[in-house]
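Please keep the sequence and the model in view while reading.

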Amino acid sequence: MQWVKVLGGLVGASALLGLGIILGHFAIPKGAEAPAPSVSVSQDLDLEILETVMKQLDASKIRENLRELSREPHLASSPRDEALAQLLLQRWRDPESGLDAAEAPTYEVLLSFPSREQPNRVAVVGPTGTILFSCRQSEQNLTGEQGGPDVVPPYAAYAPPGTPQGLLVYANRGTEEDFMELQTQGIRLEGTIALTRYGGTGRGAKAVNAAKHGVAGVLVYTDPADINDGHSSASQTFPNSWRLPPSGVERGSYYEYFGDPLTPYLPANPSSFRLNPDTVSGFPPIPTQPIGFEDAKILLCNLQGTSAPAAWQGALGCDYKLGPGFRPDGDFPADSQVNVSVHNRLELRNSSNVLGIIRGAVEPDRYVLYGNHRDSWVHGAVDPSSGTAVLLELSRVLGTLLKKGTWRPRRSIVFASWGAEEFGLIGSTEFTEEFFSKLRERTVAYINVDISVFANATLRAQGTPPVQSVIFSAAKQIPAPGLDGLSIYDNWIRYFNRSSTEYGLVPSLGSLGAGSDYAPFIHFLGISSMDIAYTYDRSKTSARIYPTYHTAFDTFGYVDKFVDPGFSSHQAVARTAGSVLLRLSDSLFLPLNVSDYGETLRNFLQAAQRDLGVLLEQHSISLGPLVTAVEKFEGAAAALGQHVSALQKDTPDPLQVRMLNDQLMLLERTFLNPRAFPEERYYSHVLWAPRTGSVATFPGLANACSRAMNTSLGSAAWAEVQRQLSILVVALEGAAATLRPVADL
């Protein structure tokens with residue numbers, strides 16, 4: 001097809017325009033581009049094609065993909081990141097295994113980098129200003145891969161520059177409660193440097209919480225108790241095991257929101273309005289720097305003061321004290337201070353998404369999206385290249401069938417390699433902003449495979465309730481690697497399960513937060529979404545994530561030796577995600593079971609009745625309308641299910657199928673209310689927004705009740721509880737109306 005190109009200063013915009021033309025063009029079948037007669041276009045999912053795809057997904061090819069993808073560091077917008085974008089374009093334009101079209105639209109986004117000229121530094125400074133000890137500025141070069149010029153030094157992206165200096169305090173995980181505990185202990189926090197450990201709250205929140213209490217700077221480290229099951233010696237860690245070595249430092253974005261910081265709700269095109277970088281909200285308010293646990297040990301084990309609570313202790317081999325300052329009998333003079341010198345800088349950079357499209361034969365204007373980000377902090381073999389390696393193999397197999405003329409999906413498939421995810425889901429968010437209306441109108445579902453293999457024990461899936469059934473169906477048909485006679489489903493249920501009132505014992509489907517590129521699709525667009533991966537046996541490790549996460553030790557050799565030798569778990573994820581993709585793109589009736597939302601709503605309602613009911617009654621707030629709304633939804637979902645079953649037994653009119661599928665597709669959108677959470681950016685899904693209240697119920701209701709708990713009758717906080725309850729009732733009634741027969745208003 002013809003591509004629209006605009007030369008000169010509009011090159012970036014032309015790529016985006018080109019993508020819009022592609023998507024819009026594929027929504028209207030044209031005789032000149034209709035599938036050739038020899039192409040197999042089944043009216044429903046072709047089980048032979050499905051079986052062919054499952055057999056052709058090759059573990060050795062996934063391994064070779066990963067070797068190439070992780071060969072060099074590929075920080076967002078770096079030359080290697082853009083070279084990998086070209087690699088994807090080349091694969092997706094291959095004449096024998098490529099797709100119908102591929103483009104690489106570019107956005108101009110605000111990123112954060114450490115200064116090469118003035119490296120960030122953490123040091124202990126004596127009373128006379130003498131530097132007594134300096135933390136490492138780079139990780140130990142254990143395999144020859146940690147010392148290259150393209151390895152970005154550890155830093156906290158978007159942390160502001162500054163050189164605060166003060167007495168050191170230990171603040172556990174840096175939560176608001178942790179800092180309040182320090183104040184309860186009588187510790188003066190103003191002007192101090194807070195040493196915190198990862199976990200408990202988001203990266204950026206540690207700095208926000210610290211600043212509220214007058215802390216001048218923050219250090220963050222990973223405690224061996226949280227990542228290594230207590231092991232910390234060199235002989236017990238990488239390269240001798242999969243555990244984090246003592247010099248390992250987790251990099252990460254400390255930006256509070258997602259998307260380009262300067263263009264919220266607008267795509268970061270050259271012509272878009274941009275905020276002033278000096279006044280942007282969401283950046284850490286004080287200088288922050290991550291360090292390794294070998295350096296954290298020297299600082300923490302020399303602190304004076306009261307012993308930290310038992311829950312604050314870790315595995316550094318000493319009694320954790322709270323400070324402030326160092327003990328007189330330690331390695332440093334008692335009045336020594338810690339200096340944190342941060343020289344990060346903000347830069348506008350071009351970052352590319354890569355999009356490959358297979359045009360649907362029957363419903364080209366219905367899209368099934370499958371995506372993963374491409375950028376990494378360093379080599380990124382696990383995060384994200386394990387997912388990209390699977391993406392490339394799945395698109396190769398489908399592209400080969402496409403080019404041979406043996407298959408074309410019923411609906412369009414869009415493969416996506418997102419840019420700058422590590423800085424805050426930027427590429428995917430800009431894409432959803434650019435094509436907001438089109439994606440909301442036409443997208444069936446979004447499949448995310450970011451880290452495809454954390455470890456090789458079992459499948460782990462997260463998603464909204466309607467996708468549960470299609471994931472289960474796929475997992476039941478695929479053998480679990482290394483376990484004769486067991487399916488992935490059978491193995492999954494051994495590790496993660498729950499008791500369902502509808503189905504009995506089933507695997508647990510986790511809910512979606514904002515940890516990867518599914519976030520803008522579910523929270524901003526209301527598109528049914530999922531995230532699929534293989535993970536570890538929780539009974540054998542308490543690690544909060546795979547140990548070399550966001551460090552320079554996340555390399556191909558690490559994956560090949562420790563995470564998934566033989567790559568059978570990568571292959572299992574490719575098969576599971578590929579089966580889900582084909583079921584969503586090829587099935588006559590969309591395999592989205594809306595009745596499964598009923599169980600979630602009922603559980604949320606029961607939690608509200610059990611834990612909030614008495615409190616609400618005391619303030620003359622009734623849950624009655626919410627009970628009725630849940631019942632209406634359950635009735636409408638059951639009736640729609642019966643309608644689907646009746647049509648499946650008949651020979652339905654294509655328009656009937658289309659109308660029914662639209663009901664299934666659009667259900668998730670009915671739970672959006674852009675005014676529900678004005679304090680939250682992009683979050684508009686009333687069921688899956690962040691929940692800060694302790695009750696496991698509807699987030700808006702839980703949060704509002706938590707804030708109103710200690711306020712007076714008739715306060716604004718209790719009015720907000722009533723508002724949140726009304727928002728819920730309207731959303732659920734709207735969802736029920738969407739599921740009722742189309743002719744009924």
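Are R460 and D531 buried or exposed? Both residues are buried. The model in which they are found is a predicted one. R460 forms a salt bridge with D531, and the closest N and O atoms are 2.3 Å apart. This pair links distant parts of the chain, since R460 belongs to strand β18 and D531 to strand β21, 71 residues apart. The two strands are also joined directly: 6 bridges connect β18 to β21 (residues 529-535), and the two run antiparallel.

Strands β18 and β21 belong to an open sheet of 7 strands. The order across this sheet is β1-β14-β16-β15-β17-β21-β18, and the pairing is mixed. At the edges stand β1 (101-103) and β18 (458-463); each has a single partner strand, so one side of each is left without a neighbour in the sheet. Neighbouring strands of the sheet are turned against each other by 20 degrees on average, direction ignored.

The bridge partner of V354 in β16 is S417.

How do the side chains of such a strand point? In a regular strand the side chains alternate between the two faces of the sheet. In β14, V354, G356 and I358 point one way, whereas L355 and I357 point the other way, and all are buried. Because 5 of the 5 residues of β14 are buried, the strand is largely enclosed by the rest of the structure. A helix also belongs to this picture: α9 (residues 381-404) lies across β14 (354-358), β15 (363-373) and β16 (411-418), and runs at about 145 degrees to β15.

A second open sheet is made of 4 strands in the order β7-β8-β9-β11, with parallel pairing. Its edge strands are β7 (168-170) and β11, each of which pairs on one side only. The twist from one strand to the next averages 25 degrees. Within this sheet, 3 bridges join β9 (residues 217-221) to β11, and the two strands run parallel. L219 has Q289 in β11 as its bridge partner. Helix α6 (residues 203-212) lies across β8 (193-197), β9 and β11, running at about 145 degrees to β9.

The discussion now turns to charged side chains. How many salt bridges does the structure contain? The count comes to 34. One of them joins R366 and D365, with a distance of 3.7 Å from N to O. R366 is buried, with a relative accessible area of 8%, and D365 is buried as well, at 16%. These two residues take part in a network of salt bridges that links E363, D365, R366, R410, R411, R658 and D662. Another salt bridge is formed by K61 with D58, whose closest N and O atoms are 3.7 Å apart. In this case K61 is partly exposed, with a relative accessible area of 36%, and D58 is partly exposed, at 25%.

Aromatic rings provide another kind of contact. A pair of aromatic rings is described by the distance of the centres and the angle of the planes. The structure holds 38 aromatic pairs. In one of these, the rings of Y265 and Y682 have their centres 4.6 Å apart and their planes at 35 degrees, so the pair is tilted. Y265 lies in the loop between β10 (252-253) and β11 (288-290), and Y682 in the loop between α19 (654-666) and α20 (699-708), so the pair ties together parts that are 417 residues apart in sequence. Y265 is partly exposed, with a relative accessible area of 41%, whereas Y682 is buried, at 2%.

Ring pairs also link F113, Y155, Y158, Y255, Y257, F283, W377 and F423 into a cluster. Which charged residue sits over the ring of Y257? The charged end of R681 does, 4.1 Å from the centre of the ring. Elsewhere, K476 lies over the face of Y489, at 4.8 Å from the ring centre.

Notes:
Residues are numbered from 1 along each chain as its sequence is written. This is a predicted model: local features need pLDDT of at least 70, side-chain atom pairs count only at pLDDT 80 or more; totals for chains, interfaces and linings use all residues. Side-chain values use heavy atoms; hydrogens and water are left out. Two strands pair if DSSP finds at least two bridges between them. Axes are lines fitted to C-alpha atoms, for helices over the stretch in contact, and angles run from 0 to 180 degrees between N-to-C directions. Contact means heavy atoms within 4.5 Å. Buried means under 20% relative accessible area, exposed over 50%, partly exposed in between (1.4 Å probe, protein chains only). A salt bridge is a side-chain nitrogen of Lys or Arg within 4 Å of a carboxyl oxygen of Asp or Glu. Rings of Phe, Tyr and Trp (its six-membered ring) pair if their centres lie within 6.5 Å; planes under 30 degrees apart count as stacked, over 60 as edge-to-face and the rest as tilted. A charge sits over a ring if NZ of Lys or CZ of Arg is within 6 Å of the ring centre and within 35 degrees of the ring normal.
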